[in-house]
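Have the model open beside you as you read.

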Amino acid sequence: MADHTLKPEVFELNNGSMQVKITNYGAIITSLSVPDKHGNWADVVLGFDSVEPYVKGAAPFFGCIVGRVANRIKDGKFSLDGVEYTLPINKPPNSLHGGFKGFDKVVWEVAEYKKGENPSITFKYRSRDGEEGDVSVMATYTLTSSTTMRLDMEAVPENKPTPISLAQHTYWNLAGHHSGNILDHSIQIWGSHITPVDQNTVPTGEIMPVKGTPFDFTTEKKIGASINEVPGLGYDHNYVLDCGEEKSGLKHAAKLKEPSTSRVLNLWTNAPGMQFYTGNYVNGVVGKGGAVYGKHSGVCLETQGFPNAINQPNFPSVVVRPGESYQHTMLFEFSVE
């Protein structure tokens with residue numbers, strides 16, 4: 001199907017216990033509603049009422065899948081098999097989330113859309129960007145049980161090796177998207193190390209224990225508790241996920257909890273890292289129902305390959321070769337407690 005026949009639309013997944021709206025523009029989650037301890041529903045993701053603002057670029061990556069390579073590539077340069085590649089510097093001095101037109105800024109094809117008890121939608125995109133070769137990408141969102149959503153991302157290089165690392169960039173606010181900042185949410189992160197960054201938010205290559213630092217969320221802690229001790233405007237760091245308890249072959253990445261509604265999000269993944277980002281650069285964005293999103297009004301839990309891994313030989317490799325396939329699964333498990 002040629003690109004010009006595809007237009008952005010919004011699709012709904014609803015199993016009676018949760019409702020998710022997703023658009024084929026950027027495979028973006030535009031809304032996700034779940035009940036609180038009293039059975040009151042709220043939409044817990046930042047976003048817009050229609051597709052237009054996303055298309056116009058009004059959002060700092062609200063709800064989308066970012067790629068071909070999520071996060072930062074230092075100076076927008078890397079070499080692979082002796083070939084030097086130069087990428088667009090869309091976040092000077094680095095390349096961020098796939099450059100000026102990443103996977104979040106294209107219309108994906110709807111390959112399959114199923115309703116019923118376990119509704120799902122599968123999006124497909126063929127990336128021909130740059131000289132790094134063609135890549136076929138698929139993303140499937142499924143409501144696997146009453147209040148659990150699964151995202152399966154797959155990417156296959158067709159003709160050349162290429163770095164691939166996709167991330168789901170939803171901004172969560174479990175009190176409701178319009179309810180202010182997330183500093184009162186508590187979080188536990190199953191990561192006892194981070195990859196510290198330089199002044200341009202690029203990892204230095206070091207793997208640093210979080211113990212005794214403001215980055216320690218190995219036990220549940222309020223997000224706002226030590227945020228003022230973090231250099232810069234807040235958290236925007238990659239956690240090295242520990243290999244702990246597993247569920248369906250996925251490891252526990254984080255548990256996010258909001259005290260006033262008792263809503264909880266448990267996140268499971270097979271990715272090696274997770275960017276913990278506290279919406280530091282969100283600045284007066286007018287979203288759904290006229291809600292104004294300011295700094296820290298959402299939190300992102302982006303499971304991913306390590307940032308700038310393509311230039312750091314000691315980080316897990318993000319290179320995928322023809323004949324191989326990149327597979328990344330996330331499980332979002334909502335509950336109240």
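Phe-123 counts as buried because its relative accessibility is 0%; buried means under 20% relative accessible area, exposed over 50% and partly exposed in between, with a 1.4 Å probe and protein chains only.

Phe-123 lies in strand 11, residues 120–127. Strands here are DSSP runs of E with at least two residues, and helices are runs of H or I with at least four, numbered from the N terminus. Asp-152 is 29 residues away from Phe-123 along the chain, with 10 Å between the two C-alpha atoms.

## About the model

This is a predicted model, in which local features need pLDDT of at least 70 and side-chain atom pairs count only at pLDDT 80 or more, while totals for chains, interfaces and linings use all residues. Residues are numbered from 1 along each chain as its sequence is written, and side-chain values use heavy atoms, leaving out hydrogens and water.

## Strands 10 and 11

Which strand pairs with strand 11 over five bridges? Strand 10 (residues 109–114) does, in the antiparallel sense; two strands pair if DSSP finds at least two bridges between them. Within this pairing, Glu-112 has Thr-122 of strand 11 as its bridge partner. The hairpin of strand 10 and strand 11 has five residues between the strands, and Gly-116 there takes a positive phi near 110°.

Strand 12 (residues 135–145) and strand 13 (residues 148–157) run antiparallel and are joined by 10 bridges. They form a hairpin with two residues between them.

Elsewhere to look is an open sheet of six strands, in the order 16-28-25-21-18-19 with antiparallel pairing. Strand 16 (171–172) and strand 19 (208–209) stand at the edges with a single partner strand each, so one side of each has no neighbour in the sheet.

Strand 25 (residues 273–277) and strand 28 (residues 299–304) pair antiparallel over five bridges. Gln-275 has Glu-302 in strand 28 as its bridge partner.
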